[in-house]
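These are my notebook entries from going through the model, kept in the order in which I looked things up.

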Amino acid sequence: MIGMVATSVMRKASDLAQQQRWIVGGVIVVVGLLCVWFFGFQAPADAVSKYRFSGGGDPIQLPTLELPTATTNLILSLLLIAFGIYHLVRGLKNSAVLFGVVAFLLLAIFLTWSIRGASLNMTGLLESTLIRSIPFLLGALSGIMCERSGIINIAIEGMMLTAAFVSVIVGAFTDNLWLGLAAGVVSGALIAGVHAVFSIRFKVDQIISGTVINIFAVGMTNFLNLRWLTVNQELNDSGTFAKVPIPILSQIPVLGTILFNQIVLVYVALLLMFFVNFLLFQTRWGLRTRAVGEHPKAADTLGVDVFKIRYINVIFAGMLAALGGAFLTLGSVGRFDKLMTNGRGFIALAAMIFGNWNPFGAFGASLLFGFMDSLQLKLQILTSVIPSEFLLMAPYLATMVVLAGVVGRVRPPAAEGVPYEKQ
Amino acid sequence: MPPILELRGITKRFPGVLANDHIDLTLNQGEIHALLGENGAGKTTLMNVLYGLYHPDEGEIMVRDKPIRITSPRDAIAQGIGMVHQHFMLIPVFTVTENVMLGDESITNGVVLDRKKVAGEIRELSTKYGLEVNPTLYIKDISVGIQQRVEIIKLLYRKADILILDEPTAVLTPQEADDLFQVLRNLKARGNSIIFITHKLREVLALADRITVLRLGKVVGSTEPKNTNSAELARMMVGRSVILSVDKEAAKPKDVVLNVQNLVVRDERHSIAINDVSFQVRAGEVLGIAGVQGNGQTELAQALTGLRHVESGRVTVLGHETTHATPRQLFELDVAHVPEDRQQDGLVMSFPVEDNLVLNEYYRPPFAKGIVLNFDEIEKAAAERVREFDVRTPSIFVKTANLSGGNQQKVIVAREFTGPIKLLIASQPTRGLDVGSIEYIHKRIVEKRDAGAAVLLVSNELDEIMSLSDRIAVMYKGQIIDTVNAAETTKEALGLLMAGVHGDGKTPALQPQTPEQKAETHHQ
Amino acid sequence: MAEATASSISKPVKTPAPRASAWRDILNTLTIPVLAIFTALIVSGFIIAFTAPTVLTLLPNFWEHPFQLIGAMWDTVITAYAALLQGAFGDWGAILAGFQEWIATGDATDLFRALRDPFESLVAATPYIFTGLAVAVGFKGGLFNIGVEGQLFAGAIASAWVGFNIEGLPWFIHLPLALLAGLLAGAVWAGIAGVLKATRGVNEVINTIMLNYIMFLFTDWLLSESGPMRGSAGAPRTPEIYPSAYLPRVLPDPVRFHWGFFLAVGAVFFVYWFLWKTTVGFEIRTVGASPTAAKYAGIAVGRIFVLTMGLSGSLAGLAGANELLGLNHYMVAAFSPGYGFDAIALALLGKSNPFGVLASALLFGALRNGATRMQSLASVPVDIISVMQALIIAFIAAPEIVRWIYRLRVPTQKEQEVFARGWGG
């Protein structure tokens, strides 16, 4: 009797999960059907979408992928429908896989349709995706280090902006990019130190502290930009890091160009991703960091110094964000422009959430957002159904959707935002 | 042999409170020393001083005959002192291994955490002391009883030989408590010294070698179990003889007020907290809900007061369908509710007393006309309620946070007991209060019963349940295992029921979770 | 103690606090904000001085001519702040002269020209009042609305649309309609975050940040070449609204002071009345102080979240409508200099009290307006105001710093509100 009640209730719980599965699966199927109709049947019958992989000067020339637009999209759409049905019937446990596959298929369909009758340099698109995702990745890593120890970081934007400014001006003044980079990183550490002191020592609401830093960074860089850089143009010309191809590996077609022929900062960022992941999940420091972010009192009763862990993590986070900021100047344009981070710090925040506070997840999200970013630039040239502004909205919309738990669920560290009070 | 631990003249002041007043305490090698006292006597404060969480204003601590300074838990751990806190210090999303090793991690290859090695050590400790746990499970997936084992293993892993346990039985059935006592005796036999904090007399007499009683921050006296008895200890604890029973006449139950049929409710983690529960409460009687904490009592009270979603089943109040009623609708049906957590749920601590006195009623005449509040009426009613319920406050405009715990509870009682209430649902109405406030609130509850209200009393204190209730329903793992007549039952019989043992002697599986619940957890 | 309290209870008359202690209370509440502003001005002064080119060139010679450097710093700061003050409060000599001329000749041109500056401070304060109230209402309801800027854009867009799309209405219909459109657009945009919090438990901070950027991009699209609201002109802006939707000016040209200011002051009184004198306001404040206790007391917490966000957003939307209908008369992409973000400082400075917000807004309006003059006269970039605001928030949020600087004692009663939550909240 009891058992019966229990199972009937259990069925109810799985009903709920199933309901959500049906909704998501159903939506995928419907979207797939729309794709069949719009991107498949509506595409001109004889149109061909060409994906190019090799540039003119490459030693190894890869063949261009020429796909009949309509047929390709029909196949891709059917795949999407099949995938939706699979999720509907069997249910997919891993929401990252679910999201990844759907995003990939949709983007492929959309892209193939957009370049009907034209050709697209795929290697270039992917390379710019990676480069554009680097500031997101570094910002997200900054957020992860900070928030895993229990301190909310909405000041990524301000830290990036400050470091972008400082690194240019010091780089130009000393005529040494590395000194500029170092100065930028130090500025990030300093500003993060302020966030740490406010959040930890003075127990200020961490969102307010972050807002202070963002407002300060915008005000200060605008102020100094007008006061110094507009009158002293030579101070705003640092030059940029040169690409450092990695021997042999950079010769690999496509992959070599994308991954192994970049400036040092790109390699550093990717290595940092592995480093942060290792640090958090395999080392003493990481265990203590996560403990402090989940239940600081428990850590304290075991002799872990909560304040020290938080201070160091926040300051390290500032340095990571600063690298992202310096990347925008020293790594790409070599000059500072007013408000040049342009919301990237908040996209990084979104990537962090999207990646569920995990470095690899955040990198996945950064790549996705970076792809959107580069795609909208390409599509401005091609004819597109979707205005570029809407593509740029994708990171923000995606974050809201994920947070609402429509697809997958994310869980922030439990003690986040709560100042630790020692008696 | 000198004592292994000695506290001399420990004094700790908080703003407005002298929590510890020159306390002396000695702990000998290989003894179990019970620290007895009622809520707020200063037991936990004293132990937090010893563990380095508080810094004493005066006094010194000697460990192994050497004076030492303990300024942080790290110092305490270094001295071999370990503490199991009343609220467990475990990280739910970490595994048992990670929780145990935190702060004292094993490392291989210079930097990498050696989880395997620690898991092995845990298994060793498990077998040695009879503390069975699986080191690879996550804390959030194991029961409270097992979590307590993890807490003890944490101390043993750090080679602590002075163990402090703060109210460790609060979450256990009497039988589970006996198991714990066996573990503690085992530890004692291996040379460990234990301080055991409690306010339960039974445990003290069953377990301790020596007893020190605290009252209002002072040591009242020290004794040994063989030289004392419950009545004497109770007198020492409270400072006067305690009438444990409440003066009341036999109930005269009338019509059914609250009717609960096949209720099913889930907790935060979506596992079943209330499993097919049915009962009735009649006008003019008190139904007590007894049980070890965490067997669904909290969720039951929340479900009946509209604070928790009801999965299935039916609830009616005086014939009105209230299964999915909101708190507001229930209030309109004259249902009163004294919530379990008064500071969190019962009061807005930053509001003045007057606002809290009308917190449930502000929206209707005479306190509001349309959407405009009528402050004259609010102040008049607040002053009246303060007077009638003897709330000690300088004025009705004082911030509620500034009142004492007992007076805060009186504010809630004053608000909820005003008016013609038909049903009263009281959850832990006296938790953490001093004896004077407890007696006052008990008297008021009986008054309401005699005035014809149906009362549902949920409490973890068996004494309270037994002295107030006319009938007692015992909850075990989300079900009512039995309902007994209060006048005809004994504490022992209730204790067995609370452990899930029926009168017919059938013992339920001693697993932390039923297979159904296990399946639930895995399903998540 | 017990006896004393018992006797005071028996007289439930609202006893007015003794006058002296009331003054002390006011003084106590004002100490930190005033010192915070003062300290921010000092620190900003140093920033202005140390970044000045004249000062920087003297820096290497500091040891030879220390006073030359200090003198240069002093000059820089005094020039800058004098310009700031004059910009903020006007040139009183010119006003007086203009007044005399008006009396003498009946020609008020110079008078109004002189009055432009001080009234411009009120014009600048107007959006601050609205946005500051928006953030304050959120705080009172326990919500952190960082999306005021986006809601302001939404309000401006909506009122612009009503303003230029509907022709031929009399002003007393067209203007309220345009205002209402702005109000509703702001409310809806903020309401999204409220609904998501109420139904899915999502933290409003992240969602309002995300909604900001979505709205900025949406605005970009509306005003882009293929966008639906692009005006005929070559620039990314909407068509001009019809004059029937203008918020009328109070004084003749060149004084831009318009009726929006009075609307804003009205909003201050309305918010005060609504929050402290009505049942709904009581519910908002209860939810803000303790959502669990509110739920227990029978308040529909989710509904209050949505309502609070809606109210907050409607005030933000009004800020946008006010700027559009009162000053710009058309929508551009760079519509606001960050009123919505400055509003956080305002609400904190005003301790989330509507009248406190009003006072802070007047101050910030004066600063913002004065800074424009400072930029043109002393070539100190106007952005120093943002720095100042950041410093003010920092000092208000961490009063220990101010107390430490000025060796103040910690107030005996724990008066500061604890305001700290996680993403979960």
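Entry 1, domains of chain A. I began with the domain assignment of chain A, which gives domain 1 (15-117) and domain 2 (123-403), the bounds coming from an automatic or database domain assignment. I note at once that this is a predicted model, in which local features need pLDDT of at least 70 and side-chain atom pairs count only at pLDDT 80 or more, while totals for chains, interfaces and linings use all residues. Residues are numbered from 1 along each chain as its sequence is written, and chains are lettered from A and ligands numbered from 1 in the order in which they are written.

I then looked up how the two domains of chain A are placed, and found their C-alpha centres 31 Å apart. Their contact takes 10 residues from domain 1 of chain A and 8 residues from domain 2 of chain A, where two residues are in contact if their C-beta atoms, placed from the backbone, lie within 7 Å. The side of domain 1 of chain A that touches domain 2 of chain A has 6 nonpolar, 3 polar and 1 charged residues; here Ala, Val, Leu, Ile, Met, Phe, Trp, Tyr, Cys and Pro count as nonpolar, Asp, Glu, Lys and Arg as charged, and the others, Gly among them, as polar.

Entry 2, a sheet in chain A. I found an open sheet of 3 strands in chain A, with the order 2-1-3 and mixed pairing; strands (E, at least two residues) and helices (H or I, at least four residues) are DSSP runs, numbered from the N terminus, and two strands pair if DSSP finds at least two bridges between them. Strand 2 (65-68) and strand 3 (119-121) of chain A stand at the edges with a single partner strand each, so one side of each is left without a neighbour in the sheet. From one strand to the next the twist averages 20 degrees.

Helix 4 (residues 122-148) of chain A lies across strand 1 and strand 3 of chain A, and runs at about 45 degrees to strand 3 of chain A; axes are lines fitted to C-alpha atoms, for helices over the stretch in contact, and angles run from 0 to 180 degrees between N-to-C directions.

I looked up helix 2 (residues 69-89) and helix 3 (residues 95-114) of chain A, which pack at an angle of about 160 degrees with their axes 9 Å apart. That angle makes helix 2 of chain A roughly antiparallel to helix 3 of chain A, a term used for angles over 145 degrees. Among the residues that meet are Leu76(A), Leu80(A) and Phe83(A) in helix 2 of chain A and Leu105(A), Ile109(A) and Trp113(A) in helix 3 of chain A. By class, this contact of helix 2 with helix 3 of chain A has 10 nonpolar, 6 polar and no charged residues.

I found 39 residues of chain C in contact with 42 residues of chain A. On the side of chain C that touches chain A, the largest share, 11 residues, comes from helix 9 of chain C, and by class this side has 26 nonpolar, 8 polar and 5 charged residues.

Residues making the contact include Val212(A), Phe216(A) and Phe223(A) of helix 7 of chain A and Val387(C), Ala390(C) and Ile393(C) of helix 16 of chain C. The residues of this contact divide into 13 nonpolar, 4 polar and no charged.

Which domains does the assignment give for chain B? I noted domain 1 (5-238), domain 2 (245-334 + 420-524) and domain 3 (343-419). The C-alpha centres of domain 2 and domain 3 of chain B are separated by 27 Å, and 11 residues of domain 2 of chain B are in contact with 7 residues of domain 3 of chain B.

Methods
Parallel < 35°, antiparallel > 145°, perpendicular 65-115°, else oblique.
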